[in-house]
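Biologist: Take me through the labels on this model, one by one. I want the cut-off behind each.

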Amino acid sequence: MVFMCPLLSKLAREIESSRNEMIQLATQSSLTDHTVIDASTKLDSLLNTYNILMNKKN
């Protein structure tokens, strides 16, 4: 099991929540709907932040 600092753990939970939200929105509308694109942009930002923090840690 990999130890994750509290910030990374919180960020991982936010990523999972954001991913689930985007999937739910996409199933209710088209993939080009502005709400889906906004959710995707938010998820991208969270993933980029997570990636940056992980790279600093290594």
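Modeller: A search of the whole structure finds two salt bridges. This is a predicted model: local features need pLDDT of at least 70, side-chain atom pairs count only at pLDDT 80 or more, and totals for chains, interfaces and linings use all residues. Residues are numbered from 1 along each chain as its sequence is written, and side-chain values use heavy atoms, with hydrogens and water left out.

Biologist: What makes the contact of Lys10 and Glu14 a salt bridge?

Modeller: The term requires a side-chain nitrogen of Lys or Arg within 4 Å of a carboxyl oxygen of Asp or Glu. Lys10 and Glu14 meet at 2.9 Å, N to O. That is within 4 Å, so the label applies.

Biologist: And what makes Arg19 and Glu16 a salt bridge?

Modeller: Their side chains meet at 3.0 Å, N to O. Same test, so the label holds here too.

Biologist: Where do these pairs sit in the helix?

Modeller: Lys10 and Glu14 both lie in helix H1, four residues apart, about one turn of the helix. Arg19 and Glu16 are three residues apart in H1, so about one helical turn separates them. A helix here is a DSSP run of H or I with at least four residues, numbered from the N terminus.

Biologist: Why is Lys10 called partly exposed?

Modeller: Buried means under 20% relative accessible area, exposed means over 50%, and partly exposed is in between (1.4 Å probe, protein chains only). Lys10 has 45%, so it counts as partly exposed. Glu14, at 31%, also counts as partly exposed. Arg19 at 30% is partly exposed, and so is Glu16 at 38%.

Biologist: Which hand does the crossing of H1 and H2 have?

Modeller: H1 passes H2 in a left-handed crossing. That term means the near helix is turned anticlockwise from the far one by less than a right angle.

Key
Helices (H or I, at least four residues) and strands (E, at least two) are DSSP runs, numbered from the N terminus.
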